[in-house]
Amino acid sequence: MKLDHDRQRILIDIATAWSALQRVDDPEDTDEYRALADLRAQRDQRRRQGAVTSLDHGDSVRTITRLTTDRARLVRRIRDNDKTLAASVDPAVRREAAHDKKAAEKRLSALDRELKAEENKLARTTGPTPGETTQFADSYRAAEKDYRRRAAELAADKAELTERLQALLDQLDPADAKELRAQTRATGVCAVVFSGRSCPGCQMVLSPAEVKTIEQTDKDEVARCPQCGTFLVLGGDHERKA
Ligand SMILES: [Zn+2]
């Protein structure tokens, strides 16, 4: 690549802009996204639980209604028997009333136990309170808002860095810009400052002959690492005095 010696630093600026762009996080690789994903999983879980709970809840309510109706009927039956016992002197009628009252009382106490058990079951199938539901919805909305804000920030950073990189690339010949792009794809970095014996692009220690070739590259030509092709802007001991 031909490039005036005093303009070669632009390659380092380009490499720096490129690496900054690569460091911008993927929106889905942020704490905000992870927090939202966690709440999403909780929300789905709550929905599944809610569906089961509301089915069980309906069954319990129906059972309790039936038991309560039965109970009222038994209470009435006991009261009727009490009335008969208070009013009648006929031993046969009284015996029958006493017998029926006893049977109704026995049934009533069994029914009360059933009712109590069903009421306990109902308490267990009752889902989260409206307060809990509102609280969850609020946290979910807050997490969504945080994530949207973070994703927008990242998109803005990315746009700004892309623009900065493009502005630098536009200062070069299009063919050179294309070559830098290809080198970035190949090794992750298009240009480095070469100041010692190893290439900062591939970390290889170059032979004295290779270093010599690099040093002897024409002043207005950009040297390349013989191992990885990264463009080398000469610095340190290799720096040419203009
Ligand atoms: Zn290299």
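H2 and H3 are roughly antiparallel to each other (the label for angles over 145 degrees). Helices here are DSSP runs of H or I of at least four residues, and strands are runs of E of at least two, numbered from the N terminus. The model is a predicted one: local features need pLDDT of at least 70 and side-chain atom pairs count only at pLDDT 80 or more, while totals for chains, interfaces and linings use all residues. Residues are numbered from 1 along each chain as its sequence is written.

Helix H2 covers residues 31–87 and H3 residues 91–125; their axes come within 8 Å and cross at roughly 160°. Axes are lines fitted to C-alpha atoms over the stretch in contact, with angles from 0 to 180 degrees between N-to-C directions. The crossing of H2 and H3 is left-handed, meaning that the near helix is turned anticlockwise from the far one by less than a right angle. Their contact has 14 nonpolar, seven polar and 13 charged residues.

H2 also packs with H4 (residues 130–169), at an angle of about 150° and with the axes 9 Å apart. That makes this pair roughly antiparallel, too, and the crossing of H2 and H4 is left-handed. On the H2 side, the contact (C-beta atoms, placed from the backbone, within 7 Å) takes in Glu-32, Tyr-33, Ala-35, Leu-36, Leu-39 and Arg-43. H4 brings Ser-139, Tyr-140, Ala-143, Glu-144, Asp-146, Tyr-147 and Arg-150.

As for annotation, an unreviewed UniProt entry lists residues 94–171 as "coiled-coil region". In the model, that stretch is 92% helix and 0% strand, with its end C-alpha atoms 115 Å apart.

Conventions
Angles under 35 degrees count as roughly parallel, over 145 as roughly antiparallel, 65 to 115 as roughly perpendicular and the rest as oblique. Ala, Val, Leu, Ile, Met, Phe, Trp, Tyr, Cys and Pro count as nonpolar, Asp, Glu, Lys and Arg as charged, and the others, Gly among them, as polar. UniProt positions are given in the numbering used here, feature names are shortened, and annotations may be inferred rather than shown by experiment. Two residues are in contact if their C-beta atoms, placed from the backbone, lie within 7 Å.
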